[in-house]
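I opened my notebook for a look at strands and helices. Here is what I looked up, entry by entry.

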Amino acid sequence: MTHAAIIGGGMAGMLAATAIARHVDRVTIIESDTFPTSPAQRRGLPQGHHNHMLFGGGAMALDTLLPKTTDLLYAHGAHHLRIGERMAMLSPQGWSRRFDGDPFVVTCSRPLLDHVVRRQALSYHRITLIQSAKVVGLTGDASRVTGVRVERDGGPAETIEADLVVDAAGRRSDSPRWLTDLGLPEVAEDTLDAGFAYAGRSFLAPPSAGDDFPGILIQADNSTGEPGRGAALLPNEDGRWIVALIGTRGAHPPTDEEGWLEFARSMRSPIIADLLAGATPLGEIRAYRGLANRRRHFERIVPEGFVVLGDAAMTLNPNYATGMSISAFGALALREEVERTGFTDGLARRAQQRIAKAGEPWWEVAIGQDRWFPNVRTNLTLRGGPSQLKMAARWGRVVTEHPAMARATYSAASLVITPKKMMTLPLLVAMMRGPKLPPLTADEAIAQYPGFSGVLDAAPADSAVSQTTA
């Protein structure tokens with residue numbers, strides 16, 4: 001009988017188990033945490049209180065692995081936001097005009113998303129979950145991994161043998177150390193850290209906010225030489241909003257209520273602060289740090305019988321909301337390789353290379369953005385210069401008014417196409433010609449979304465929204 005062991009029962013682990021369940025006799029997921037029986041926060045997911053977006057490409061990958069999962073999310077209150085129609089966006093180049101198109105994002109709480117995915121995955125009869133069990137090492141040698149060593153409830157370590165071990169334990173994975181314990185070289189690691197930090201809070205939306213209330217993204221500006229600051233307000237299930245304030249090194253948002261609200265109001269647009277005037281805070285303001293980009297090159301050191309995916313292999317700055325999608329892409333890459341060649345020699349190496357390739361475009365996007373913030377810490381040799389930043393700014397300015405460029409750009413941002421595929425000749429020509437329209441004022445931008453009007457009518461009389469332009 002063939003057996004696969006999955007280290008970690010989070011999003012990546014559940015998707016990895018699903019990816020290979022039809023190709024083995026048994027799959028065992030080993031999770032150190034204990035899962036709630038309903039959508040609820042859990043100890044093992046400290047960022048679970050913050051905003052999460054599942055972009056269109058990731059949602060489609062999720063449905064490929066677990067059919068109709070997004071339908072279940074919508075049935076439980078998740079929002080399907082077409083980016084051109086239900087997302088008010090203030091980029092460093094200005095407010096975007098609305099546009100028609102397919103790019104979308106799914107917004108809901110992380111506990112709901114994990115709960116639905118977990119129930120879908122565990123409904124498959126070949127998948128078994130072991131909770132409150134910690135993987136403490138691998139068995140085998142430098143040429144082949146044969147299983148994992150597990151401690152349950154503090155007891156002595158036991159061995160679980162497996163034909164394939166998949167590490168989906170997240171950013172705290174111990175795989176690099178475990179592999180060196182087996183006699184393999186150290187895993188090479190790339191890092192780039194702009195010092196991003198979040199401070200977020202949940203709110204009960206005011207009654208005037210309808211079911212079609214739009215989301216808001218204020219992007220951090222990486223072109224000024226000053227620390228970047230941004231914010232996001234996303235509708236979630238049960239009539240709630242999650243609001244995140246974001247800052248790079250030197251501009252971290254505070255966690256006291258007065259300072260947090262002042263930080264929100266000091267953005268290039270104070271619209272989020274104004275909208276919160278009618279909302280009811282739920283719980284405390286929570287900070288989250290450690291948002292560096294990190295890539296571990298497991299594809300260069302691959303013993304047979306061992307694969308790493310998700311955040312354990314590549315962690316991107318959550319500001320770009322790509323982590324869950326890349327986990328789904330990695331699970332799909334693993335499934336496709338197993339389907340193509342089966343459990344033959346070289347499976348781990350081929351699968352690991354495909355997993356690395358699936359994440360490569362989004363790694364380039366993340367470091368290409370974060371590198372320009374001040375006080376970046378990295379071990380990379382960065383190529384290119386200010387001309388790249390100027391071209392990106394020109395592209396971004398035209399995107400604010402050009403529907404075809406907006407559709408292509410947000411198809412790439414939502415991981416439906418790779419960034420290279422949006423660089424078509426007609427769009428490059430439009431970029432070179434430059435903008436044709438004046439930038440939208442804040443009033444004009446906000447007026448595009450009728451859902452704001454009822455909430456903003458209740459904003460304080462001294463609201464600065466109408467005084468701000470971008």
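In which sense do strand 15 and strand 16 pair, and over how many bridges? I looked this up and found antiparallel pairing over three bridges, with strand 16 covering residues 229–236. A reminder to myself before going on: this is a predicted model.

**Entry: around strand 15**

I then checked which residues face each other here. Ile216 has Leu233 as its bridge partner in strand 16. Next I turned to strand 5, residues 87–91, which pairs with strand 15 in the parallel sense over four bridges. In that pairing I found Met87 opposite Gly215 of strand 15. I also wanted to know where the side of each residue lies. From strand 15 (residues 215–218), Gly215 and Leu217 point one way, while Ile216 and Ile218 point the other way. Are these four buried or exposed? I noted that all of them are buried.

I moved on to a sheet of five strands, which is open and has the order 8-2-1-12-20 with parallel pairing. Its edges are strand 8 (127–130) and strand 20 (306–308), each of which pairs on one side only. I wrote down an average twist of 20° from one strand to the next. Inside the order, I looked at strand 1 (residues 3–7) and strand 2 (residues 26–30), which run parallel and are joined by five bridges. One pair I picked out there: Ile6 has Ile29 of strand 2 as its bridge partner.

**Entry: helix 11 and its two partners**

How do helix 11 and helix 13 cross? I read off roughly 95° for helix 11 (residues 386–399) and helix 13 (residues 425–433), with the axes coming within 9 Å. Angles of 65 to 115 degrees count as roughly perpendicular, so these two helices are roughly perpendicular to each other. On the helix 11 side the contact uses Met391, Arg394, Trp395 and Val398. Helix 13 brings Leu427, Leu428, Ala430, Met431, Met432 and Arg433. By class I logged eight nonpolar, no polar and two charged residues.

Then I took helix 12, residues 403–413, which packs with helix 11 at an angle of about 120°, the axes being 8 Å apart. This pair is therefore oblique. Trp395, Val398 and Val399 of helix 11 make the contact with Met405, Ala406, Thr409 and Tyr410 of helix 12. I counted up the classes as six nonpolar, one polar and no charged.

Definitions and conventions: Residues numbered from 1 in each chain as written. Predicted model: local features only at pLDDT ≥ 70, side-chain atom pairs only at ≥ 80, totals over all residues. Heavy atoms only, no water. Pairing = 2+ DSSP bridges. Axes fitted to C-alpha atoms, helices over the stretch in contact; angles between N-to-C directions. Parallel < 35°, antiparallel > 145°, perpendicular 65-115°, else oblique. Contact = heavy atoms within 4.5 Å. Nonpolar A, V, L, I, M, F, W, Y, C, P; charged D, E, K, R; others polar. Buried < 20%, exposed > 50% of the residue type's maximum accessible area, 1.4 Å probe, protein only.
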